[in-house]
Amino acid sequence: MRRASSAGRSSTSGGRAPRPRGDQPEQLGFEGMPERLFVCTPSKLGAYADCPRRYRYSYVDRPAPQKGPPWAHNSLGASVHTALKNWYALSPERRRPEALAALLKGTWVREGYRDDEQERAAYRRALGWLESYVETLEPGADPLGVERVVAVKTAVLAFNGRADRIDSRPGPDGPELVIVDYKTGRTGLDADDARGSQALALYAYAAERVFRRPCRRVELHHLPTGTVAAHEHTVESLARQLTRAEETARDIMAAERAVADGQDPDEAFPTTPGPRCGWCDYRRTCPVGAQAPGKEPWAAVERAADPVVAPATDPVPGKD
């Protein structure tokens, strides 16, 4: 713990003593006190793991650089997630497929699409995903948590995150928790994706401590294909994921300290060039990312579009 010193006041005039050199308040350290915890979310850790420069632009630089335009695939994913959240907010007798159109229209995010035609097709596609997905759900079954924040502290981390859904299911020794994460993006998700997801593992680790029930199973529910990719963690595999997260946190704190001590921020937070550069919010700011061909905001939605185009008479959500 560090605080500004109150020592050094004049004993005769009651005035303030001059500041230490550099016009910085004097800092007192306490030997043996633990270092501050790194406050983080899965997105914050993932940003650094993907590209330290993107992390710096998002969380260190103030004011932060201006982002590029919003992405249509993010709008689509947010709309579907919020519709499912509101589905569970309905009373069980109202959880019927015919309620989904109003739920999706009420949560629809319109940003990023190329035009009304593309947006209309995306809306119809998302509604179809939702209708198929809720057919697999028990209308009267309430999860333990929907968009539930779980948090935990370790020797290094103060972690918090919002899980899409936390189920309570029967286990051999009593109720067990399951982390469910909705996916609307790329296809081909499998058990390796669920096993390797640090975010899901951290949610499971935190949920087990918040609710004091075992939480080892994590699932990726891919709505476009109706598939579920699952993994059963062990105590050891969750510990390994937690160790990875703590190592990332230490790397971030070391880079932040280096900048505070005068190191060039570009050296402390280097760019990791690759295919992600074309999709980065800060591509135009980053000298390396700017060399990569940029993606149009609607490119991911267009690439995943169904071959059947929605009729022009379908209403565009948000427009009357």
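Which residue in β8 stands opposite H222?

Modeller: T227 stands opposite H222. Before going on, note that this is a predicted model, where local features need pLDDT of at least 70, side-chain atom pairs count only at pLDDT 80 or more, and totals for chains, interfaces and linings use all residues. Residues are numbered from 1 along each chain as its sequence is written, and side-chain values use heavy atoms, with hydrogens and water left out.

Now the hairpin. Strand β7 covers residues 215-222 and strand β8 covers residues 227-232. (Strands are DSSP runs of E with at least two residues; helices are runs of H or I with at least four; both are numbered from the N terminus.) The two strands run antiparallel, joined by six bridges. Two strands pair if DSSP finds at least two bridges between them. Four residues lie between β7 and β8, and in this hairpin G226 has a positive phi near 70 degrees.

Look next at A230, which sits in β8. A230 and L220 are 10 residues apart in sequence, but their C-alpha atoms are 6.3 Å apart in space. Leaving out residues up to four places away in sequence, A230 touches A191, A194, R217, V218 and E219. Touching is contact, meaning heavy atoms within 4.5 Å.

The unreviewed entry lists residues 228-255 as "coiled-coil region". UniProt positions follow the numbering used here, feature names are shortened, and annotations may be inferred rather than shown by experiment. In the model, residues 228-255 are 75% helix and 18% strand. The end C-alpha atoms of that stretch are 38 Å apart.

On to the helices beside the hairpin in sequence. Two packed helices are described by the angle between their axes and the distance between the axes. Helix α7 (residues 198-211) and helix α8 (residues 235-260) have axes that come within 9 Å and cross at roughly 110 degrees. (Axes are lines fitted to C-alpha atoms, for helices over the stretch in contact; angles run from 0 to 180 degrees between N-to-C directions.) Therefore α7 is roughly perpendicular to α8. The cut-offs are these: under 35 degrees is roughly parallel, over 145 roughly antiparallel, 65 to 115 roughly perpendicular, and the rest oblique. The crossing of α7 past α8 is left-handed. That term applies if the near helix is turned anticlockwise from the far one by less than a right angle; clockwise is right-handed. From α7, the contact uses Q198, A201, L202, A204 and Y205; from α8, it uses L238, Q241, L242, R244 and A245. Seven of these residues are nonpolar, two are polar and one is charged. (Ala, Val, Leu, Ile, Met, Phe, Trp, Tyr, Cys and Pro count as nonpolar; Asp, Glu, Lys and Arg as charged; the others, Gly among them, as polar.)

Here is another pair to set beside it. Helix α4 (residues 100-107) and helix α5 (residues 116-134) have axes within 10 Å, crossing at roughly 130 degrees. So α4 and α5 are oblique to each other. Their crossing is right-handed. L100, A101, L104 and K105 of α4 meet Y123, A126, L127, L130, E131 and V134 of α5. That contact holds eight nonpolar residues, no polar ones and two charged ones.

Last, two backbone details. Most residues other than glycine have a negative phi, and most peptide bonds are trans. E147, in strand β4 (residues 145-153), has a positive phi near 50 degrees. R62 and P63 are joined by a cis peptide bond, with omega about 0 degrees. P63 lies in the loop between α2 (52-60) and α3 (72-89).
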